[in-house]
Amino acid sequence: MLEQHIQSFQGLFHSTPQIHASAPGRINIIGEHTDYNGGYVLPAAIHLRTHVFAARRPDDFVHARAENFGESASFSLKSLGPSPKHHWTDYVQGICAVLREEGFRLGGLNLLIWGDVPLGAGLSSSAALEISLLRAVTGLFDICLPPEKIARLGQKAEHEFAGVKCGLMDQFISVFGRKNQALFLDCETLAFEYYPLNLEKAGLIILVYDTQVRRTLAASEYNKRRREAGAALDVLKAEGAAGYKTATLEMLESARGKMEAVPYKRARHIIREDERVKQTVAALKKDDFLSVGRYLFQSHESLRDDYEVSSAELDLVYDLGRDFPDCYGARMVGAGFGGSAIALIKASAEDAFKEKALEAARQKRFPQPVFRDIFVGEGASAVLLDQKGRL
Ligand code: GLA
């Protein structure tokens with residue numbers, strides 16, 4: 001497969017690629033909308049990845065080709081800025097800009113980008129793109145950065161060039177993911193631990209149900225949730241909480257009269273979800289997937305009712321899961337407002353579950369979903385190539 005892209009690169013740029021970098025998308029087992037609230041998350045990298053081939057140019061121009069869109073674009077490193085309309089080149093410009101803001105001198109670049117992380121599916125295609133670009137560009141210009149910093153720069157590009165004030169979860173797992181392991185991350189301290197996901201031994205799979213609904217509203221609603229959660233935290237701080245991690249439901253109840261109904265609900269989700277992440281980790285340690293599944297269902301209910309980021313299409317997966325004996329748990333993943341849901345089901349029941357889900361979507365006249373069997377894969381990597389573009 002790489003061979004074919006080397007040829008495309010040579011055909012486009014009349015030079016050979018000097019580095020190959022790639023980075024994965026993710027699923028999140030549990031801990032949704034907790035990252036930017038200084039809480040806990042439990043994501044896992046998936047086998048779907050974004051790839052970048054890159055080579056230096058002797059000028060100040062970046063020439064980039066996105067194979068998946070069949071589009072090429074060029075810009076000067078001297079005039080970086082987000083486009084008025086959201087466009088894939090914003091990410092490329094954003095990565096160059098954040099590196100330059102750190103004081104690194106970049107030269108011109110030829111870039112070929114491709115991959116199989118579906119866009120807008122809640123599987124974090126933007127982080128996969130940011131991190132693969134960061135690994136390619138830093139590798140090419142001998143810029144040595146700690147992995148946490150790579151994740152932070154990806155997040156900064158997302159804030160400044162994509163306009164989404166995201167947390168750090170997606171970029172962090174894209175950098176640090178490990179095969180068959182979930183990563184338990186404290187988003188305040190960035191302390192983290194890996195926990196094996198012994199799904200196969202338990203005869204289980206995680207099925208991704210991509211609703212095919214892509215919501216353009218997601219960025220503004222996401223940023224709004226962030227503000228609402230922040231407003232509730234300000235009140236909780238007056239009650240003695242240092243942050244969400246130290247806030248309790250009791251504190252929230254005693255502060256209830258001092259906050260509006262909406263921030264109250266947002267805070268209730270965050271406090272409970274943080275607790276669920278810890279409970280899920282405890283259950284995973286014992287391979288107790290029945291309990292893991294129960295927390296997934298509870299997480300969805302809270303995201304639907306308190307954080308209000310679900311959608312009818314995502315709720316369908318939860319409802320189905322509740323009625324399907326071989327489904328241990330199901331919930332929406334990522335920011336919400338469309339995208340994907342995951343279902344933890346017995347491997348032997350995969351076909352039956354898919355059939356039921358397809359039928360239910362048809363009856364409700366929802367878009368026909370796409371199912372993805374997800375394997376938990378490795379984090380980002382980069383390899384310098386020889387003069388012929390070989391590994
Ligand atoms: C998006 C963001 C993450 C996180 C999730 C919700 O994926 O990029 O930082 O906030 O939504 O948990």
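Predicted model: local features only at pLDDT ≥ 70, side-chain atom pairs only at ≥ 80, totals over all residues.
Although Arg 365 is not a glycine, its phi is positive, at about 60°. The relative accessibility of Arg 365 is 77%, and because the cut-off for an exposed residue is over 50%, Arg 365 counts as exposed.

A positive phi is also found at Phe 337, again a residue other than glycine, with a value near 60°. Phe 337 belongs to the loop between β9 (327–332) and β10 (340–346). With a relative accessible area of 8%, Phe 337 falls under the 20% limit that defines burial, and is therefore classed as buried.

Attention may then be turned to the second largest pocket of the model, which holds about 330 Å³ of space. The lining of this pocket is made up of 17 residues, and those that lie nearest its centre are Asn 180, Leu 199, Glu 200, Ile 374 and Phe 375. Strand β8 (residues 204–210) supplies three residues, the largest share of the lining of the second largest pocket. When the lining residues of the second largest pocket are sorted by class, nine are nonpolar, five are charged and three are polar.

Notes. Residues numbered from 1 in each chain as written. Heavy atoms only, no water. 1 Å grid on protein atoms, 1.4 Å probe; cavity = no way out; pocket = protein on both sides within 12 Å on 5 of 7 lines; lining within 4 Å. Points joined across faces, edges and corners; volume = space filled by probe spheres on them. Helix = DSSP H or I, 4+ residues; strand = E, 2+ residues; numbered from the N terminus. Nonpolar A, V, L, I, M, F, W, Y, C, P; charged D, E, K, R; others polar. Buried < 20%, exposed > 50% of the residue type's maximum accessible area, 1.4 Å probe, protein only.
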